[in-house]
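Subject: Structure handover and findings

Hello,

Here is the structure I promised to pass on. Please open it beside this message, and read my notes with it in view.

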Amino acid sequence: MSFVKNSIACLALISASVLAAQPVSAESLYQAMAKAYENNPDLNAARAGLRATDEGVALAKSGYRPTIAAEAVATSTNTSGFTTNSSSIGVSINQSLFDGFQTRNNVRAAEAQVFAGRENLRGTEIDILLATVEAYANVNRDNQIVAYRQQNIAFLQEQFSAAKARFDVGESTRTDVSLSEAELAGARASLTAAIAQAKSSAAVYAQIVGTVPKSLQSVSLPRKLLPGTLDRAVAQGTTEHPTVLAALFGVDAAGFNVKSKEGTFLPGVSVSGLVAEGDGGVSTAQVQAKVTIPLYQGGAASATVRQAKEQLGQQRILVDRARRAIEQSVVSSWTQMEAALATIEANKAQLAASNLALNGVVEERRVGQRTTLDVLNAQQTVLNAKEAISQSERNAIVAAYSVLASTGKLTIDRLGLQVANYKPEIHYEATKDRWFGLRTVDGR
């Protein structure tokens, strides 16, 4: 009797641990995704990286603008023991008028890099939203498995008590009691492992979303958002996924970089001016125009052009690689989704049959046609079927959202998430034409 009480106390303690990991207020998948979109540090770091990329445009445009400097010069000269001191102050200005279109192409390359950065940011957003789906589905699956194993322990506890009662009246053997006891102990160990897995999944969820999971709701497949066919999904992914678009913008940036490097072979025109005042109030004003025609630069300019052309070829190859990777991802996600959906139906059929078999074995045991071991095996089959359903439902949800991610459609606009959309254009427009200022757009 004391063993039974200890078992019940242990089960209550484990159940309390599980309930402690499940706060009371519910949270939907879309709410979790909205939180991740707002709070995930990886996403915020990607946004900060894009803001740094925006400054590349302002940096490139500086080639259009003059450089101005104030100069103060003090000179002391000793000639045959006589020392002469002189000083002057002035302002100089230099302005490039033509640099072989280098500045224009540098600006266009920087703009292409910004556009590529926006696509990369969109790709990061998709990755974070998909990671949220996976974490959400994992927590749901693990909590269901914990509940199933708790139910299994309750069933096995009844079998153990019944076996003892039959043994006490001489209707069963000591072996039946030992089998029930061993199965019950094994079930408790399995429950402990399931609780550990549930806590681990909850920790991953908190890392991605920013909060602990709250009595998560069941998730349905996003059927309305999915492409109608696999071919359509592949077509969308290879043309609209941010990875492909970012690679295409990378080709644009590399092309403008080639033109910029080729500009070093063209003449350059610049003007400079100087206004200074020396000792005795002597004023000097000077304006100088200069035309530079490069003839030979030690081979450095030629090597730079060749290097830029190779980088352009590399970027074009990366576009092909991105398309192939996306196609593989779409096909893999699609087939996994179909397999998971088929597995769900098979597992449900298995569960229905297993329940019928269990009920039949229990009744047959009562009339002596079955043993306790048969009942325990039938119960294990039911438990396996329930857990298989949880796993396959999790796989179907993750695979379906993976299809959306692979086609580039897993976005807050497409999903209709209730969260403020981060607009990188705001920072870009605020900083691309700034002539000066050390503070960032947000005042840092």
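What is the volume of the second largest pocket? About 300 Å³. Keep in mind that this is a predicted model.

The second largest pocket

The lining of this pocket has 15 residues. Closest to the centre are Arg-118, Arg-122, Glu-125, Tyr-422 and Pro-424. Three helices each supply at least two lining residues: α4, α10 (412–415) and α11. The largest share comes from α4, with 6 residues. By class, the lining divides into 6 nonpolar, 2 polar and 7 charged residues.

Where α4 meets α11

Two of those helices also pack against each other. Helix α4 covers residues 102–168, and helix α11 covers residues 424–431. Their axes come within 11 Å and cross at roughly 160°. Angles over 145 degrees count as roughly antiparallel, so α4 is roughly antiparallel to α11. The crossing of α4 past α11 is right-handed.

Which residues of α4 and α11 make the contact? From α4 come Glu-111, Val-114 and Arg-118. From α11 come Pro-424, Glu-425 and Tyr-428. The contact has 3 nonpolar and 3 charged residues, and no polar ones. Look at Arg-118 and Pro-424 on screen: they take part in this contact, and they are also among the residues closest to the centre of the second largest pocket.

The largest pocket

The largest pocket has a volume of about 360 Å³. There are 20 residues in its lining. Val-219, Ser-220, Glu-393, Arg-394 and Ile-397 are the closest to its centre. Which elements give two or more residues to this lining? They are α4, α8 (300–366) and α9 (372–406). Helix α9 provides the largest share, 5 residues. The lining of the largest pocket splits into 8 nonpolar, 6 polar and 6 charged residues.

The cavity

How many cavities of 30 Å³ or more does a search of the whole structure find? The search finds 1. About 30 Å³ of space lies in the largest cavity. Its lining consists of Asn-152, Leu-156, Glu-183, Leu-376, Gln-379 and Gln-380. Both α4 and α9 supply at least two of the lining residues. The largest share, 3 residues, is from α9. By class, the cavity lining has 2 nonpolar, 3 polar and 1 charged.

Helix α2 spans residues 29–39, and helix α3 spans residues 41–61. They pack at an angle of about 45°, with their axes 6 Å apart. That angle makes α2 oblique to α3. On the α2 side, the contact uses Ala-36, Tyr-37, Glu-38 and Asn-39. On the α3 side, Pro-41, Leu-43, Asn-44 and Arg-47 take part. The contact of α2 with α3 divides into 4 nonpolar, 2 polar and 2 charged residues.

Best wishes

Note on methods. Residues are numbered from 1 along each chain as its sequence is written. This is a predicted model: local features need pLDDT of at least 70, side-chain atom pairs count only at pLDDT 80 or more; totals for chains, interfaces and linings use all residues. Side-chain values use heavy atoms; hydrogens and water are left out. Axes are lines fitted to C-alpha atoms, for helices over the stretch in contact, and angles run from 0 to 180 degrees between N-to-C directions. Helices (H or I, at least four residues) and strands (E, at least two) are DSSP runs, numbered from the N terminus. Angles under 35 degrees count as roughly parallel, over 145 as roughly antiparallel, 65 to 115 as roughly perpendicular and the rest as oblique. A crossing is left-handed if the near helix is turned anticlockwise from the far one by less than a right angle, and right-handed if clockwise. Contact means heavy atoms within 4.5 Å. Ala, Val, Leu, Ile, Met, Phe, Trp, Tyr, Cys and Pro count as nonpolar, Asp, Glu, Lys and Arg as charged, and the others, Gly among them, as polar. On a 1 Å grid over the protein atoms alone, a cavity is a set of points where a 1.4 Å probe fits but cannot get out, and a pocket is an open set with protein on both sides within 12 Å along at least five of seven lines; lining residues have an atom within 4 Å of a point. Grid points are joined across faces, edges and corners, and a volume is the space filled by probe spheres set on the points.
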